[in-house]
Protein chains: 6
Amino acid sequence: MPNNVEEFDAYRKRMNDKILATDNKVIKRIFNLDTNAYKEGHLPVKTKELLGLVASTVLRCDDCIKYHLETCFKEGVSKDEVMETLSIATLVGGTIVIPHLRRAYEFWEELETKN
Amino acid sequence: MPNNVEEFDAYRKRMNDKILATDNKVIKRIFNLDTNAYKEGHLPVKTKELLGLVASTVLRCDDCIKYHLETCFKEGVSKDEVMETLSIATLVGGTIVIPHLRRAYEFWEELETKN
Amino acid sequence: MPNNVEEFDAYRKRMNDKILATDNKVIKRIFNLDTNAYKEGHLPVKTKELLGLVASTVLRCDDCIKYHLETCFKEGVSKDEVMETLSIATLVGGTIVIPHLRRAYEFWEELETKN
Amino acid sequence: MPNNVEEFDAYRKRMNDKILATDNKVIKRIFNLDTNAYKEGHLPVKTKELLGLVASTVLRCDDCIKYHLETCFKEGVSKDEVMETLSIATLVGGTIVIPHLRRAYEFWEELETKN
Amino acid sequence: MPNNVEEFDAYRKRMNDKILATDNKVIKRIFNLDTNAYKEGHLPVKTKELLGLVASTVLRCDDCIKYHLETCFKEGVSKDEVMETLSIATLVGGTIVIPHLRRAYEFWEELETKN
Amino acid sequence: MPNNVEEFDAYRKRMNDKILATDNKVIKRIFNLDTNAYKEGHLPVKTKELLGLVASTVLRCDDCIKYHLETCFKEGVSKDEVMETLSIATLVGGTIVIPHLRRAYEFWEELETKN
């Protein structure tokens, strides 16, 4: 099995660099906001990452889910906390979320294996 | 201005009672799960309510937003924490979330006025 | 309480007439298709109306739900069959469907009261 | 009939002012971007407004549709051009867009009546 | 060409087993409901599967579409009935459904070839 | 790297032919409308293609994005115009659009390389 975590990170970085190089101001500012919004504020980083994870999951964006799972992992979120977050996403978003839940679980396993 | 909080709660309760009285098992279990999922678990109630709020907001469900705002208010979530949660929802979900942000803000004001 | 069924039908007809009068060919053909697609084919009309109802419900379009509820009512679909269809929609689409379920139930009651 | 255009504008302005007063940086920057993105660039303002209109319509956001219809009207977009844009939105987004098409048409009529 | 039907089923089963093993009660109950909701009730199994298929298609969930196509196939639904269901989904959900229609058609062919 | 443009076009054509051969009238008419809607009308072809691109992007349909990028390329739309259109899509649709932006950018590069 290929190491999906590294492939995912590399593709993400390579394309982000290319997109930012086009110098479109609106896109640059959105990318910039995307970094700032998850920094410590009135809510701690960990809670914000769980908010990003649940939003990505109900909107069924696999790459967004992977990104937030990776950050959650770095922030020390436990597997139980991730599953509880994903359970709320599946309840709110319905059974169409389940295929994304499978891929999210698989990616979390790869994060655990890799580290 | 009518007291929207009370109207909202009353309509919600009246219709839920009627729907549950039809005795459809799948719907009854979903309603039941909806109560259980937000109880204290690996994550505290307050975090779970913020997860419910952000999920409702990116999916642009005004009634769901109101419900979670009301519960957040009861749980002692601060206005700054609510705004930070809604800011992540607006970033992830885009500017189409803004009309819902306006109505969410208005409902939060009514919760503050009423209490 | 105003008779929402009649108001809904009147507004729908008035605006459809105006939109069709603009003579936009793409829109006219979509409106035309919308009538033809639910006619008896390999599947009976009743099944097709339930398909239209479940699609409208998971996509959370209140006016589309009302339209299909009205046609279901005319086709003799029972309340139990409607509730079963809506239960599948709520399971597939998640708890964000519930506010639409409330309004759907209310509209069905008005259809029963009116007839 | 109440003048919906003025009511819509007033509510929008009143709530935006309140939201911006909370001083949430992420939200402020998104509001700021929302103004800048539609300014003349490689594409003319009129084309950008039509892009905003079609995006709002397929995402079925009535308030966003109204906002872009109002700006289109100010920019001198013709009714035929608006209908053509909305026809593409209805084709891409499907018949669930039709209820929003009705409300869009009604709002455009009010813009014409008012001016 | 790999036998996608078998691969799909195997991945689905393997990940479902892992997810259920985490013992998250909310997820377990949703999985359980997902089995029960499509059982014979006021509506026959075949109709319920078509409801699941149309809901999955308008929500553009390829894996959900495949799952319901497979069950439809087992229940003896004809290709004409499947196409009629998918045509309603494409009309209601718009041309963005078409890429999913292509993959659905391809999967149905594989189901026919395999059996 | 495989030439994704040609693979994409070939798969699209092969499956469209098969789907049209099933002789489902509703689907045939939608396919037909899909061709007609983007022809020169009150708006020029280029503007209509940008409308199709932004609609596809906010609805996060990768295949639809590719199709419109290909037509934009043939119509002589510049990379700056494409990026500006995609920037509006990312603002309106939110950061969940970003993974689609990456794949769109990659496909545009392949169109440039191939031609």
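Reader: How many residue pairs are in polar contact across the interface of chain A and chain F?
Author: In this predicted model, pairs across the interface of chain A and chain F are counted where both residues have pLDDT 80 or more. Under that rule, the number of residue pairs in polar contact is six.

Reader: Which helix gives the most to the side of chain A that touches chain F?
Author: Three helices of chain A, namely H1 (4-21), H2 (25-36) and H4 (62-74), each supply at least two residues of the side that touches chain F. The one that gives the most, with six residues, is H1(A).

Reader: How many residues of the side of chain A that touches chain F are nonpolar?
Author: The contact takes 18 residues from chain A and 17 residues from chain F. On the side of chain A, three residues are polar and five are charged, while the nonpolar ones number ten.

Reader: What area is buried between chain A and chain F?
Author: Carbon and sulfur atoms give 67% of the area buried between these two chains. Of the part that chain A buries against chain F, 25% is supplied by A:Tyr11, A:Ile19 and A:Ile30, more than by any other three residues. The area buried between chain A and chain F is about 1,700 Å².

Reader: Which side chain meets that of A:Asp63 in a salt bridge?
Author: Across the interface of chain A and chain F, the rule finds two salt bridges. In the salt bridge that involves the side chain of A:Asp63, the N to O distance is 3.2 Å, and the partner is F:Arg103.

Technical notes. Residues numbered from 1 in each chain as written. Chains lettered and ligands numbered in written order. Predicted model: local features only at pLDDT ≥ 70, side-chain atom pairs only at ≥ 80, totals over all residues. Heavy atoms only, no water. Contact = heavy atoms within 4.5 Å. Buried area = accessible area lost by both parts, 1.4 Å probe. Salt bridge = Lys/Arg side-chain N within 4 Å of Asp/Glu carboxyl O. Polar contact = N/O pair within 3.5 Å; in protein donor to acceptor, adjacent residues only side chain to side chain. Helix = DSSP H or I, 4+ residues; strand = E, 2+ residues; numbered from the N terminus. Nonpolar A, V, L, I, M, F, W, Y, C, P; charged D, E, K, R; others polar.
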